[in-house]
Amino acid sequence: MRVQSSATALTSIAVGTPPAAPASHRAGTLQAALGVVAFSLTFPATAWGLEGFGSWALVAVRSVLAAALAGGCLLFLRVPLPERRHWAGLAVVAAGVVVGFPLLTTLALETSTTAHAAVVVGLLPLTTAVFSAVRTGVRPSRTFWAAALAGAAAVLAFTVAQSGGALTTADGYLFAALLVCAAGYTEGGRLARVMPGWQVIGWALVCCLPLTVPAAVVALSYEPVVWNAHGVAGVLWVAVGSQFLGLVVWYRGMAAVGVPRASQLQLAQPLLTLVWSVLLLGEHLTAAAPLTAAAVLVCIAVTQRSRS
């Protein structure tokens, strides 16, 4: 009986069926956290990718590679096409997460450091919670909003201080990326309640192929590739780790614990990004980091415990 139960649990995980309620909340939080770790590497990996690829080529190639992986999984498992009523939501996910956010942040990183770009992910949890409240009608508690605002303010103050606080053209790209990504996260989290999270991002990637394949061909013809280890490693990570696997666990986590609460885990993402920036890019971290990290962890704990 125990062997049969274990096999059933493994099968449910493989096909995307949520487990029992108490375990689902814990597993959802863990999956959302793994997504945050994957996303925290996106900006440093993008900076690496820009060492070998032009900005437009990098965005198009990463989307095509991720779509090839996702499409292969969909074909191998013979996953049926989504119902017609889900395609509008998938289009929002595709526009915000597959195309909009990668393109806008890559353009920003041409002239901005990863520390400065971390501003956008510092504000993303709050923006996602607002989009979710408007889209789903869910109204989080005042305690939730107070903790979310405090955490966002702490991260914003830290990251702006790191970058000198000057507003540039890159900031315009980053704030636009913030809006489109929040919309994509919200819609993807809603869809992940009715289909496995990996299928949400998988179909969003596949439906972009008619756009991303020609874009990759054109971009590569105008932006020649300089082959080097950093460039290849960067594009592979943003395609496989950030664009597909990270979003798979992220959407599953949002489906299990709710969009607003899962989004607050991203308050830790800017600090993780800064750590990776030190280790991978040689950027410098100030003494304010531990204090900000402590403040963010407190805010995450409050938002996770607050009731809607």
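What follows takes the helix pairs, a loop residue and the cavity in turn.

This is a predicted model, in which local features need pLDDT of at least 70, side-chain atom pairs count only at pLDDT 80 or more, and totals for chains, interfaces and linings use all residues. Residues are numbered from 1 along each chain as its sequence is written, and side-chain values use heavy atoms, with hydrogens and water left out.

Q: Why is helix 5 called oblique to helix 11?
A: Helix 5 (residues 87-109) and helix 11 (residues 229-257) pack at about 135°, with their axes 13 Å apart. That angle makes helix 5 oblique to helix 11. The classes are: under 35 degrees roughly parallel, over 145 roughly antiparallel, 65 to 115 roughly perpendicular, and the rest oblique. Axes are lines fitted to C-alpha atoms, for helices over the stretch in contact, and angles run from 0 to 180 degrees between N-to-C directions. Helices are DSSP runs (H or I, at least four residues), numbered from the N terminus.

Q: What makes the contact between helix 5 and helix 11?
A: Helix 5 contributes Val 93, Val 97, Val 98 and Pro 102, and helix 11 contributes Gln 243, Leu 247 and Tyr 251. Contact means heavy atoms within 4.5 Å. By class there are six nonpolar, one polar and no charged residues. Here Ala, Val, Leu, Ile, Met, Phe, Trp, Tyr, Cys and Pro count as nonpolar, Asp, Glu, Lys and Arg as charged, and the others, Gly among them, as polar.

Q: Why are helix 9 and helix 11 described as oblique?
A: The angle between helix 9 (residues 197-207) and helix 11 is about 135°, and their axes are 7 Å apart. Helix 9 and helix 11 are therefore oblique to each other. In this contact, Gly 197, Trp 198, Val 200, Ile 201, Gly 202 and Leu 205 of helix 9 meet Gln 243, Phe 244, Leu 247, Val 248, Tyr 251 and Arg 252 of helix 11. These residues divide into eight nonpolar, three polar and one charged.

Q: What are helix 6 and helix 13 called relative to each other, and why?
A: The axes of helix 6 (residues 114-136) and helix 13 come within 9 Å and cross at roughly 160°. Helix 6 and helix 13 are therefore roughly antiparallel to each other. The contact of helix 6 with helix 13 has six nonpolar, five polar and no charged residues.

Q: Which residues is Glu 223 in contact with, leaving aside its neighbours within four places in sequence?
A: Glu 223 is in contact with Gly 54, Ser 55, Trp 56 and Ala 57. Glu 223 itself lies in the loop between helix 10 (209-222) and helix 11. The C-alpha atoms of Glu 223 and Trp 56 are separated by 8.0 Å, although the two are 167 residues apart along the chain.

Q: Which residues lie nearest the centre of the largest cavity?
A: They are Phe 39, Thr 42, Arg 62, Phe 101 and Tyr 185, out of 18 lining residues. A cavity is a set of points, on a 1 Å grid over the protein atoms alone, where a 1.4 Å probe fits but cannot get out, and lining residues have an atom within 4 Å of a point. Helix 5 gives the largest share of the lining, four residues. By class the lining has nine nonpolar, eight polar and one charged residues.

Conventions:
Helices (H or I, at least four residues) and strands (E, at least two) are DSSP runs, numbered from the N terminus. On a 1 Å grid over the protein atoms alone, a cavity is a set of points where a 1.4 Å probe fits but cannot get out, and a pocket is an open set with protein on both sides within 12 Å along at least five of seven lines; lining residues have an atom within 4 Å of a point.
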